[in-house]
Amino acid sequence: MTKQQSIHDTSIIIVGAGFGGLGMAMRLKEKGVDDFVILERADDVGGAWRDNTYPGVACDVPSHLYSFSYMPKADWSRVFSPGGEIWSYLRDCAKKPGLVPHIHFGAELLKAEWDEASRRWLVETPQGAWRAQYLITATGVLADAHLPKIPGVQGFTGDAFHSACWDHSISLEGKRVGIVGSGASAIQIVPEVAKTASELVVFQRSAPYIVPRPDRAYSSAEKRSFERLPESMDALRSEIFWMGEYMFAQRRAVPAFVAEARDMALGHLADQISDPELRDNLTPNYVIGCKRVLIANNYYPAFNQDHVTLETSALEKVDGSTAIAVSGKEYDLDVLIFATGFEAPEPPVAHVVYGRGGVKLADQWDQGMQAYDSTAVPNFPNMFMVLGPNTGLGHHSMVYMIEAQADYILGALEHAKKHGVEVLEAKPEAEAEYLLDIEKRSKGTVWLDGGCKFWYRDPRSDRLTVLWPDFAYAFRDENGTFHPEGYSETAASTAAE
Amino acid sequence: MKDTDTMMPPLATGVVTRQIEVNGVRVTYHEAGQSNTSCPPIVMVHGSSGTTRGHFGFLFPMLAVRHRVISVDLANPVTGDDPLELEHLEAQVLAVIANAVPDQEITLLGYSLGAAIAGFTAARHPKIVCNLVLLAGWMKTDMQQLLFNRVWHELRALKSPKLDDFTVYGAFGAPFLSSKTFEDLAGGAAMPLDDFVDKQMELNSRIDIVDLVPDITATTLIIACSYDMMVPVHHSRALFGTIENARYAELASGHAVVFERPAEALRLIDLFAANPQEYPAGATLPVVRP
């Protein structure tokens, strides 16, 4: 019974204290709900913005949109603020509404199990166990580092680390550095590392499309006017939002918009790279938008320096201090940096969550992740996912999606309370219908027809499982409000079996 | 179809472009989207100096994702000094409807001068137009518009190189322009000019459908643009007051809403076309606050 005694009881368990978990918790607090905990595996809040401290880290969405509508910040330093500033914003988001006392740090989710008899979720962490009616996962999409299996990498004689676990104890001054990858993290890291490394080689499997970054610092006068006239911040937020939505016509593969976006990206490349061979090597071979479109003004120019080399094939193996590319070219290196992304198609949380009858979420998702309204999963009663399946955006701010889902989940909790419902579970047929709708929306988008392989799609089923294949506004219009018709309900008075 | 058109990417995936003859003039229209949806097809009418490609380059293909959409490219129906009248343009719209979607009720959408044409048509053909969208529209030209119109005609007569600047100044909202450079505006913003445009601008100076608008029975959505200097918001508000079965929305945009805020306009039109009765007559639609 000692184990029983160590179980903490609460109403709601939120897993994760990044944008998703904090956004959910802020809304609970606002509604006067106080009986919840946030379980965080690390020792601070901030999610991806805590973990990614690599040089040059910044967000690709303007800060006045990439922030909570219910926690505007008048003094963002730049249009695209640096990562450290976003992390500090998230710390404020935990402090100001009084969320900190709810957070348990070092509390990695080891196992979450639905207990049929008590109709409660039992959650184990290194900090103890919790029991709650509701489980809300907010474990992030780009949270767990993906490391490719490279033969010989264990025997690499230099230092090696992932971009999301940057080892700041290692100086890159005068070192020969290899960066594996040319995605969103790599393009921010390369220009910074090029400043100090004696040699830099970038292993590029597939060239990204890159468009100009319309970044600038906000003046103190602008910041003060945002503070004095908050409605001017709202207007800017709306302007950025609708400009972002405009980009969806390109993802929807409208020919003129695909051409416009491609011309913009290739024009940017031509402006910055004059060597025709290098330009060819930096030119993508798929339809723009199929993979994430990146924004940078300083990535291409990095390659105009003599000590920076573009290797146009992937890293195949490592032998001692030598990194060998698929092309056969060999590079002697002191440091290897893996900017190889995250476990997006299969979130690790799926391997530790067990639903009705002990079914593991990862097993139920053996053909890729899926959820009703992108939020709830059959067999996993009273569980809601923030940034679950089909919530990613190829063109817009994830914070907007988080806010929509927080509203949905609040609606579910309020519905259950009002109607005396103890257990809400998504109906399989509702989930199936939702997936058909997602499939219909996906057709004719560049993600399916653009001729690329990317983590937006699940490699097992080839289905688009990560992205929401429509305008962001359509997600909020359709999934920003709870839909009780998609759930089976068990009344609180019904005796447990 | 002009040669320049054939060089351009298609307007939408699966678009079909046809031509018909209306009172001796060839009129082009474009069709795209699914025909098996439950809501009526949308027929679109562009504004002054526009075409489907010029004004509806975003709205046409994106509406076609969920609706059957037909868009008219208005053609010059008059020769010499004969004045252009709304009846001429209404005839082209009706002919396209009769060809593309005969014996069906439709949702008619007009932008700017196209909204005056759409309102005119809806009032006179209530059996055809069951739903109506008036985007930056008006029913009677007033002094503020006349002043703009007179300066426009003067610059045009002088062949002034500043005509483009004047048009851009009027077309785009001040907040939108505040962050732009001349380089940003180069190319895209200039208004194509020809006799037909002159005739449309002349027609714009004497729009008066005040007596007809009360006859509109269609379920109507009026979309106004807060920073519109060509058709300021009070015109949309007057339409809202006049049309019995109307609901109203206002976007933070200039008159060139199809370039400044096309996605926000799309959302309103898409939702209205799918469910025109979602909001009752007299309702002001909530603004999305991202």
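Trainee: What makes up the lining of the second largest pocket, by class?

Mentor: In this predicted model, the lining has 13 nonpolar, 9 polar and 11 charged residues. Of the 33 lining residues, the closest to the pocket centre are K440(A), A64(B), V65(B), R66(B) and H67(B).

Trainee: Which element gives the largest share of that lining?

Mentor: α16(A), with 4 residues. The elements that give two or more residues are α14 (428-442) and α16 of chain A, together with α13 (262-274) of chain B. The space in the pocket is about 950 Å³.

Trainee: Why is the second largest pocket said to lie between domain 1 and domain 2 of chain A?

Mentor: Because domain 1 (2-144 + 343-491) and domain 2 (153-338) both give residues to its lining.

Trainee: What makes C290(A) and C452(A) a disulfide?

Mentor: Their S to S distance is 2.0 Å, and the cut-off is within 2.5 Å, so the pair counts as a disulfide. The structure holds 1 disulfide over all chains. With -90 degrees about the S-S bond, the link is left-handed.

Trainee: Which parts of chain A does the pair C290(A) and C452(A) tie together?

Mentor: C290(A) lies in the loop between α10 (276-281) and β11 (294-295), and C452(A) in the loop between α15 (446-449) and α16 (472-479), so the tied parts are 162 residues apart in sequence. Both cysteines are buried.

Trainee: Why is C59(A) called buried?

Mentor: Its relative accessible area is 7%, and buried means under 20%, so C59(A) qualifies. C225(B), at 1%, also counts as buried.

Conventions
Residues are numbered from 1 along each chain as its sequence is written. Chains are lettered from A and ligands numbered from 1 in the order in which they are written. This is a predicted model: local features need pLDDT of at least 70, side-chain atom pairs count only at pLDDT 80 or more; totals for chains, interfaces and linings use all residues. Side-chain values use heavy atoms; hydrogens and water are left out. Buried means under 20% relative accessible area, exposed over 50%, partly exposed in between (1.4 Å probe, protein chains only). On a 1 Å grid over the protein atoms alone, a cavity is a set of points where a 1.4 Å probe fits but cannot get out, and a pocket is an open set with protein on both sides within 12 Å along at least five of seven lines; lining residues have an atom within 4 Å of a point. Grid points are joined across faces, edges and corners, and a volume is the space filled by probe spheres set on the points. Ala, Val, Leu, Ile, Met, Phe, Trp, Tyr, Cys and Pro count as nonpolar, Asp, Glu, Lys and Arg as charged, and the others, Gly among them, as polar. Domain bounds come from an automatic or database domain assignment.
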